Amino acid sequence: ENQGVCNQVNLPAGQALTRGAGVQVAVLEPGVETGHPDLSDKLRTGYNVLAPGTTPQDAADGQVNSVVGHGTMVSGVIARIAPEAKILPVRVLNADGVGTTLGVLQGMQWAIEHGAKVINLSLGSEDSSPFLKQAIDAARQGGVVVVAAAGNTGASKVDFPAKENSVVCTTAVTPENLRASFANYGPHVDLVAPGTGIRSTFGAKGYASWSGTSFAAPFVAGAAALVCSVNPGMRPDRVIDLLEDTARSVDSQNPDNAGKLGKGLLDIGEAVKQRN
């Protein structure tokens with residue numbers, strides 16, 4: 001049932017060349033269901049910033065538990081795009097989606113120390129943090145591609161850290177390549193990817209559909225993993241250039257948001273095909 005979105009981003013052409021072997025992608029989330037049969041062989045031992053020494057499990061430990069399952073679904077999208085990449089689950093938020101800048105910083109640091117080449121941040125805030133900005137800049141300088149979700153308030157501005165220059169800011173489109181009604185947009189957006197009704201891994205062994213820029217970002221993170229897999233040692237700037245230069249503009253479908261949806265729709269096949 002995800003055939004449509006996979007074709008939308010030209011995934012089959014990319015996977016004909018690579019499935020992401022040799023690359024680790026960190027997901028900074030409210031946890032991941034480590035036992036899900038579609039994920040268990042793809043997950044490395046991760047890290048729980050909220051309770052070091054325990055598994056970064058997707059657990060209902062909040063007041064309303066609004067984001068239980070979020071990290072499992074994000075991981076499922078990455079696994080669909082780059083099935084031979086390894087996923088590093090890092091728990092930096094609780095089940096209400098609440099965490100601290102320090103926690104995200106520690107999670108990023110742990111991921112980089114443990115070999116992440118790509119970091120997916122399907123999280124955001126209206127408030128910026130100079131410390132986190134510094135860490136993201138350093139990550140990119142140090143060889144890591146950082147992807148972040150634009151945010152879901154339908155506003156003509158994007159969340160932090162997506163708005164930072166060192167980040168690949170991703171927003172969501174429908175199957176018709178129209179900006180999703182909830183998807184933030186603006187000059188900081190770099191790419192768009194499918195983000196409505198995305199079906200992915202959920203719960204202990206189930207599936208669910210969810211919408212949000214959170215689920216567009218892992219398409220780009222997975223694509224970055226594929227590009228890194230065929231170009232080991234390629235610098236993040238070049239990886240990101242490939243993803244952006246091969247994207248297909250969606251301005252004609254979105255005349256009201258022209259110029260505010262970045263370089264357009266991710267084209268995984270074309271990005272993977274290009275080499276150094």
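Analyst: A residue is called buried when its relative accessible area is under 20%, exposed when that area is over 50%, and partly exposed in between. The model discussed here is predicted.

User: Is Cys228 buried or exposed?

Analyst: The relative accessible area of Cys228 is 7%. The limit for burial is under 20%, so Cys228 is classed as buried.

User: How many disulfides does the model contain?

Analyst: A disulfide requires two cysteine sulfur atoms within 2.5 Å. The sulfur of Cys169 has its closest cysteine sulfur in Cys228, 19 Å away, and this is too far for a bond. Cys169 is also buried, at 0% relative accessibility. The count of disulfides is zero.

User: Why is strand β3 described as largely enclosed by the rest of the structure?

Analyst: Strand β3 covers residues 86-91. It is largely enclosed because, of its six residues, the number buried is five.

User: Which residue of β4 stands opposite Val27?

Analyst: Strands β1 and β4 run parallel and share three bridges. Within β4, the residue facing Val27 is Asn120.

User: Which helix lies between β4 and β5 in the β-α-β unit?

Analyst: Strand β4 is joined to β5 (residues 145-149) by four bridges, and the two run parallel. Asn120 stands opposite Val147 in this pairing. The β-α-β unit they form is right-handed, and its helix, residues 130-141, is α5.

User: Where does His36 lie, and which residues does it touch?

Analyst: His36 is in the loop between β1 and β2. At 0% relative accessibility, His36 is buried. Leaving aside residues up to four places away in sequence, the contacts of His36 are Thr201, Phe202, Gly203, Ala204, Lys205, Gly206 and Tyr207.

User: How many aromatic pairs are found, and what is the angle between the planes of Tyr47 and Trp110?

Analyst: The search of the whole structure gives two aromatic pairs. Tyr47 and Trp110 make up a stacked pair, with 5.5 Å from centre to centre. This pair links parts of the chain 63 residues apart, with Tyr47 in strand β2 and Trp110 in helix α4 (residues 101-113). Planes under 30 degrees apart count as stacked, and the angle here is 10°.

User: Which member of that pair is buried, and what is its relative accessible area?

Analyst: Tyr47 has a relative accessible area of 24% and is therefore partly exposed. The buried member is Trp110, with a value of 13%.

User: What kind of pair do Trp210 and Phe215 form?

Analyst: Trp210 is partly exposed at 24% relative accessibility, whereas Phe215 is buried at 1%. Their ring centres are 5.3 Å apart, and with 35° between the planes the pair is tilted.

Technical notes
Residues numbered from 1 in each chain as written. Predicted model: local features only at pLDDT ≥ 70, side-chain atom pairs only at ≥ 80, totals over all residues. Heavy atoms only, no water. Buried < 20%, exposed > 50% of the residue type's maximum accessible area, 1.4 Å probe, protein only. Contact = heavy atoms within 4.5 Å. Pairing = 2+ DSSP bridges. Right-handed = clockwise from strand over helix to strand, strands pointing away. Phe/Tyr/Trp six-rings, centres within 6.5 Å; stacked < 30°, edge-to-face > 60°.
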